[in-house]
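Hi,

Here is the structure I said I would pass on. Have a look at it first, and then read my notes below.

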Amino acid sequence: MARGHPVPPMIERFIHHVRVEPPPADETAAGARARLADKFPRTALRRMTHLGLLLGSVLDGAPLGPEDALVYASTYAETRALEDFLLSFPAASPLLFQTSIHPGGVQQVLIGRQQPIARLWPHAGRTRLVEQALLTALLEPAPRVALVGGEERGTWMIESGIASDQAFSFATVLTRDAAGAAGRVGFNSGNSVDEPCPALDAFASALRERRALAWLGAGGSWTLEWR
Amino acid sequence: MSAPADQLPAGIEACDCLTPFGDAAATASALLAGRRALTLTPVLGRDGGDLVPLALTGPMDETLPPRWLPGLRQLAAKIPPAAWGSARTPVIVTSSNFGVGSLYAFTRDHDARHLAHGTPFASVGLLRAEFGWGEHVHVFSHACVTAHLGLAHAARLLHAGLADRVLVFSFDFVSPFVAGGFHSLKILNGNLPAPYARRETGSIGLGDGAAFAVMTRSAGRQNAPFQLAAHALHNEMFHFTGNQPDGAGFAACAAAIAAAAGGRRVWVKGHGTGTLEAGRLEAEVLARQFPDTPLVSWKGSLGHTLGSCGLVELALTLAALRGADGKIPGTVGGAAPSFTDTVALEPFAHAGFDGAIMAGNAFGGAHAAMLLTHE
């Protein structure tokens, strides 16, 4: 049972699963469906969005159980379903409605797998999104925490600057076990300065390249490091 | 199988809400009087469509600036002053829809000014500018359990020593986008909702709602006599819009919060939207877990305020507990026979109770429950 505890000088978790999807720049949902078909049940595949497919790909093989938690970060989330649902009026589409609702992207994957989890924390911010999602993950008492994020490329909403112009996804699994870890994420509290926080796509790139990151924010200092 | 609840007590220093009836005190009084805010309204606003039950603070059609801003200004004026949005006093904004009504408006009139508040980050940006919040604004969106998540995360930030006070701010205003969506699922129809009633056809209503709570570690202080003592969460991942038929998802969450409640004498504020299957499963599971315990829902009056409902209904509970009537509103719009005999259709005295369970659920089989206690 999770109870209150004294302030830790440092919170850290170890990275045990790292997958990043940088799909071809012109990939469509149909293209991703063909490329990733073997990762999904056929019945689920035909209804999945591009973001859902990319998230499913990076979560493939991630060890998650019903006592675990998932932190999901996406600024624009289910852009294509949102765009298409808006255009479906006045005959609103029930399928597009339910798919357009955050956190539909990751729910497509977990429902397809029939994978219950204890807690799902869907972030939808922008300015300090990565930092906030990491903080949520570090405060989770679950034995395994999947930190997942991504975007899909919009169409007409890009022109207005309210959709992502690129598609990508990432997934890591964080635990308290240092043995065999690929890396570590840590937060030291005790700083009042804010530096710019890495954007979601920059964080995904750092994971893909196994590149270290460090910045100040949320009242402390952050480090992402690799072994 | 259920994960244990977080038991990280946090005091509620201030809390209020906005509904079509007004603030929390006015709304609690209206509920005690059995009044409904829901009225039959064209599902697409000025674009017409079937009449469906909506509880609105004004016309549903989106405006410039967005129609929700004046109400949120009114609500935000009640928030105790602090450097909100700093690292030590962060804000957590929770919503399911944010400003999505503005995107719908753009697709109708092509006025690009609507796009300035159509997305979560844009609408939160507008709130930051309006209320002078700093950068440390966490944004959660998990459909109808979103406010529960915000409150649970606030407790974690406080207990980790990473925040001194946390402002949880929640809003969801109905738009043709969401009304049209629920109407397409056929659950928003021409019938008024009757939560937990055993009847032929299920139906929900939708309502405008906003609320805030200032959470503090100083539970039990004179200025924070109420506290959220525990939070339980569970995600079935069985179906997008359905639940496990045996009620296992409801049971997992209920068992966790019941363990945290221990021997307290509690009553239960359920989710109770007016759907048949989820309503039956919820009422039956709660009756098994909390036998002889009154169960109420207020969505038959206020409609479902979506991502804000957990915090709106918390504010109403506090207002009822503070009210001179000494009573908790019953299930407005409910009707006999109910799914279980625990459903309270009429107001009841809160004397003798020392806590309340506040439950919610959402798409994807998401479940949330929190334990409210008071000194």
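V93(B) has F169(B) as its bridge partner in strand 7 of chain B. One thing to keep in mind as you read: this is a predicted model.

That bridge belongs to the pairing of strand 5 of chain B with strand 7 (residues 165–172) of chain B, which is parallel and has four bridges. Strand 5 of chain B also runs parallel to strand 6 of chain B, and four bridges join those two. Here I92(B) is bridged to H138(B) in strand 6 of chain B.

Which way do the residues of strand 5 (residues 91–94) of chain B point? V91(B) and V93(B) go one way, I92(B) and T94(B) go the other, and all are buried. As background, side chains in a regular strand alternate between the two faces of the sheet.

There is also an open sheet of three strands in chain B, in the order 3-4-8 and with mixed pairing. Its edges are strand 3 (39–42) and strand 8 (206–207) of chain B, each of which pairs on one side only. Strand 3 of chain B is antiparallel to strand 4 (residues 51–55) of chain B, with four bridges between them; T41(B) sits opposite V52(B) there.

Now for two helices. Helix 5 of chain B is mostly covered, with 14 of its 14 residues buried. From first C-alpha to last, helix 5 of chain B reaches 20 Å, close to the 20 Å expected at 1.5 Å a residue. After helix 5 of chain B comes G161(B), with a positive phi near 75°.

Helix 3 (residues 100–109) of chain B is mostly covered too, with seven of its ten residues buried. Among them are L103(B), Y104(B) and F106(B). What do the buried residues of helix 3 of chain B pack against? They pack against helix 4 (79–87) of chain A together with helix 6 (176–184) of chain B. H110(B) follows helix 3 of chain B and has a positive phi, near 60°.

That brings us to where the chains meet: 56 residues of chain B are in contact with 48 residues of chain A. Several elements of chain B each supply at least two residues to the side that touches chain A, including helix 3, helix 5, strand 6 and strand 10 (226–235). By class, that side of chain B has 28 nonpolar, 22 polar and six charged residues.

Happy to talk it through whenever you like.

Definitions and conventions
Residues are numbered from 1 along each chain as its sequence is written. Chains are lettered from A and ligands numbered from 1 in the order in which they are written. This is a predicted model: local features need pLDDT of at least 70, side-chain atom pairs count only at pLDDT 80 or more; totals for chains, interfaces and linings use all residues. Two strands pair if DSSP finds at least two bridges between them. A residue is buried if 20 or more other C-beta atoms lie within 10 Å of its own, exposed if 12 or fewer, and partly exposed in between; C-beta atoms are placed from the backbone. Two residues are in contact if their C-beta atoms, placed from the backbone, lie within 7 Å. Ala, Val, Leu, Ile, Met, Phe, Trp, Tyr, Cys and Pro count as nonpolar, Asp, Glu, Lys and Arg as charged, and the others, Gly among them, as polar. The expected span of a helix is 1.5 Å times one less than its number of residues.
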